[in-house]
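Here are my notes on the model, point by point. Have the viewer open while you read.

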Amino acid sequence: MTTLPASTAPPLLRLAGVSHTYSGQRRRTTVLKDVDHTFERGTFYTVLGPSGSGKTTLLSLASGLDTPTKGTISFNGQDLTELGLGRYRNKHAATVFQQYNLLTYMTALQNVTTAMEITGAKPVTGTRRARALRLLEDIGLDRATATRNVLRLSGGQQQRVAIARALACDVDILFADEPTGNLDEDTAQGIIDTFRDLAHEQGTCVVVVTHSQHLASQSDRVLRLRKGRLTEQVNAR
Ligand SMILES: Nc1ncnc2c1ncn2[C@@H]1O[C@H](COP(=O)(O)OP(=O)(O)OP(=O)(O)O)[C@@H](O)[C@H]1O
Ligand SMILES: [Mg+2]
């Protein structure tokens, strides 16, 4: 990748004039209205907003799963549609889904190694299996749990498999939709620490949707989604 001076480098991710409308049989729902925002490397963002305010919609557009009705989304200055949504999702962005979206016929370990194979993520040392086991262990899932079919894990354990799977892919941007919703306080704190370290030590851009003020208070930038508008909360910390 070419390195430009900070002043001229485009932002890692930019949403410009992004609006999104869902068209049903009878009515259309405009969820996002003219959203403008940039997301930078090495920064941990949280997005707060009431249920139904469009947080998951915002993540699905920013992560290249869907395209906005209006406006553009660019990564390193390149429009996502030009870069290719598949390529963006494969190489640059990983998502922890609100409903986990695990492969239910696989073990926790296989979910993580399969994602690494698909995205081509290679550990600096050791095998993919070893790295996956380490990531799962770091997040509180021992080997016996990691080698069990995911349907035989608790909701909180499944949520952690989804997090480990996203962490394994070594991406530029990590999106997570309510990633601590099913976790006890200590485990949730461990995940928040992991996200913060990922941003501050690895330079990853981390964007987390949450209802938790406690989580938001530990992020670098707090954004609020309300009535389709995205605004930044000043003096978040
Ligand atoms: N595929 C869809 N088709 C039609 N409407 C949709 C679709 N997905 C979401 N919506 C509507 O868009 C609005 C925003 O939904 P979204 O899932 O983005 O909200 P959210 O902020 O993530 O909510 P929650 O906090 O409950 O997860 C809601 O009114 C929802 O009903
Ligand atoms: Mg949601």
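1. Start at Leu-136. Setting aside its neighbours within four places in sequence, this residue is in contact with Ala-108, Leu-109, Val-112, Leu-141, Ala-146 and Ala-164. Contact here means that the two C-beta atoms, placed from the backbone, lie within 7 Å. One caution before going on: this is a predicted model, with local features needing pLDDT of at least 70 and side-chain atom pairs counting only at pLDDT 80 or more, while totals for chains, interfaces and linings use all residues. As for labels, residues are numbered from 1 along each chain as its sequence is written, and chains are lettered from A and ligands numbered from 1 in the order in which they are written.

2. Leu-136 belongs to the largest nonpolar core, which has 69 residues; Leu-136, Val-112, Ala-168 and Val-207 touch the most other members. The largest share of this core is six residues, from helix 7 (residues 155-167). A nonpolar core is a set of buried Ala, Val, Leu, Ile, Met, Phe, Trp, Tyr and Cys residues joined through C-beta atoms within 7 Å. Buried means 20 or more other C-beta atoms within 10 Å of the residue's own, exposed means 12 or fewer, and partly exposed is in between, with C-beta atoms placed from the backbone. Helices (H or I, at least four residues) and strands (E, at least two) are DSSP runs, numbered from the N terminus.

3. Four strands make an open sheet in the order 2-1-4-5, with antiparallel pairing; two strands pair if DSSP finds at least two bridges between them. Strand 2 and strand 5 (78-79) are the edges, each pairing on one side only. Strand 5 pairs with strand 4 (residues 70-75) over two bridges, in the antiparallel sense, and Phe-75 stands opposite Gln-78 in strand 5. Helix 1 packs on this sheet, touching strand 1 (13-23), strand 2 and strand 4, and its direction makes about 125 degrees with that of strand 1. That angle runs from 0 to 180 degrees between N-to-C directions, with axes fitted to C-alpha atoms, for helices over the stretch in contact.

4. Helix 1 is mostly covered, with six of its eight residues buried. These are Lys-55, Thr-57, Leu-58, Leu-59, Leu-61 and Ala-62. After the helix comes Gly-64, with a positive phi near 75 degrees.

5. What surrounds ligand 1? There are 13 residues around it, the closest being Tyr-22, Ser-51, Lys-55, Thr-56 and Thr-57; to be near, a residue needs its C-beta atom, placed from the backbone, within 6 Å. Strand 2 (28-39) and helix 1 (55-62) are the elements giving two or more residues to this shell, and helix 1 gives the most, three. The shell divides into two nonpolar, ten polar and one charged.

6. Two backbone spots to check. Asn-101 is not a glycine, yet has a positive phi of about 55 degrees; its place is in the loop between strand 6 (93-96) and helix 4 (108-119). Lys-227, also not a glycine, has a positive phi of about 50 degrees and sits in the loop between strand 9 (221-226) and strand 10 (229-233). Lys-227 counts as exposed because it has 10 C-beta neighbours inside 10 Å.

Note on methods. Ala, Val, Leu, Ile, Met, Phe, Trp, Tyr, Cys and Pro count as nonpolar, Asp, Glu, Lys and Arg as charged, and the others, Gly among them, as polar.
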